[in-house]
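Please look at the sequence and the 3D structure below before reading on. The report that follows is meant to be read beside them.

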Amino acid sequence: AFALRPDGDLFSRLLQEGGELTIDDATATPWRNLLPADFVQVTRAKSFAVAALRFQDRPVGFFYADCVVSQHGISDDAQRNLLQFVTQARLALRLCS
């Protein structure tokens, strides 16, 4: 768990506004300025995908995926699969309310 930051880092913004995002190079401007300062160092992820999970206009959390172990970028297929999974999770939240 982490607190939403009023300065609006990328993850806080995504949780507050909703949506999905794939970053191909987290070290490039402007991404490195929008990520928490130690993100790339801690995760070692240069590319990643993230999708917000919200329920009744409130942030619940997000799904995050990277390929640090394989040292590859996020492929189009992997991104599509993640978004299908996230869509199913969002649907499940709506159906369970």
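The text below goes through the sheet, the helices, the cores, the aromatic rings and the salt bridges.

This is a predicted model, in which local features need pLDDT of at least 70 and side-chain atom pairs count only at pLDDT 80 or more, while totals for chains, interfaces and linings use all residues. Residues are numbered from 1 along each chain as its sequence is written, and side-chain values use heavy atoms, with hydrogens and water left out.

**The sheet**

Helices (H or I, at least four residues) and strands (E, at least two) are DSSP runs, numbered from the N terminus. Two strands pair if DSSP finds at least two bridges between them. Three strands make an open sheet in the order β1-β2-β3, with antiparallel pairing. β1 and β3 are at the edges with a single partner strand each, so one side of each has no neighbour in the sheet. From one strand to the next, the twist averages 15 degrees.

β1 and β2 are joined by four bridges in the antiparallel sense. Leu21 has Val50 in β2 as its bridge partner. Between β2 and strand β3 (residues 58-66) there are eight bridges, and these two strands also run antiparallel. Arg54 stands opposite Pro59 in β3. The hairpin of β2 and β3 has two residues between the strands, and Gln56 in this hairpin takes a positive phi near 50 degrees.

Buried means under 20% relative accessible area, exposed means over 50%, and partly exposed lies in between (1.4 Å probe, protein chains only). Because six of the eight residues of β2 are buried, this strand is largely enclosed by the rest of the structure.

**Helices against the sheet**

Contact means heavy atoms within 4.5 Å. Axes are lines fitted to C-alpha atoms, for helices over the stretch in contact, and angles run from 0 to 180 degrees between N-to-C directions. α4 lies across β1, β2 and β3 and runs at about 10 degrees to β2.

**Nonpolar cores**

A nonpolar core is a set of buried Ala, Val, Leu, Ile, Met, Phe, Trp, Tyr and Cys residues joined through side-chain atoms within 4.5 Å. The largest nonpolar core has ten residues: Leu10, Phe11, Leu14, Ile23, Ala26, Leu35, Phe39, Phe48, Val50 and Ala52. At least two residues of this core come from each of α1 and β2 (48-55). Another core, of five residues, lies apart from the largest one and includes Ala49, Ala51, Ile74 and Val86. In soluble globular proteins, nonpolar side chains tend to be buried together.

Which residues does Ala26 contact, leaving aside its neighbours within four places in sequence? They are Trp31, Arg32, Leu35, Val40, Ala45, Lys46 and Phe48.

Ala45 is located in the loop between α3 and β2. Ala45 counts as buried because its relative accessibility is 1%. With neighbours within four places in sequence left aside, Ala45 is in contact with Ala26, Phe39, Val40, Tyr64, Asp66 and Val68. Between Ala45 and Arg13 there are 32 residues in sequence and 19 Å in space, C-alpha to C-alpha.

**Aromatic rings**

Rings of Phe, Tyr and Trp (its six-membered ring) pair if their centres lie within 6.5 Å; planes under 30 degrees apart count as stacked, over 60 as edge-to-face and the rest as tilted. The structure has seven aromatic pairs. One of them is the tilted pair of Phe11 and Phe39, at 5.3 Å centre to centre and 50 degrees between the planes. This pair links distant parts of the chain, 28 residues apart: Phe11 is in helix α1 (residues 10-17) and Phe39 is in helix α3 (residues 39-43). Both Phe11 and Phe39 are buried. Phe11, Phe39, Phe48, Phe62 and Tyr64 form one aromatic cluster.

**Salt bridges**

A salt bridge is a side-chain nitrogen of Lys or Arg within 4 Å of a carboxyl oxygen of Asp or Glu. By this rule there are two salt bridges.

| Side chains | N to O distance |
|---|---|
| Glu20 and Arg90 | 2.6 Å |
| Arg80 and Asp77 | 2.2 Å |

Glu20 in strand β1 (residues 20-23) and Arg90 in helix α4 (residues 76-95) are 70 residues apart, and their pair links distant parts of the chain. Glu20 is partly exposed, with a relative accessible area of 40%. Arg80 and Asp77 are separated by about one helical turn, because they are three residues apart in helix α4. Arg80 counts as partly exposed at 44% relative accessibility, and Asp77 counts as partly exposed at 47%.
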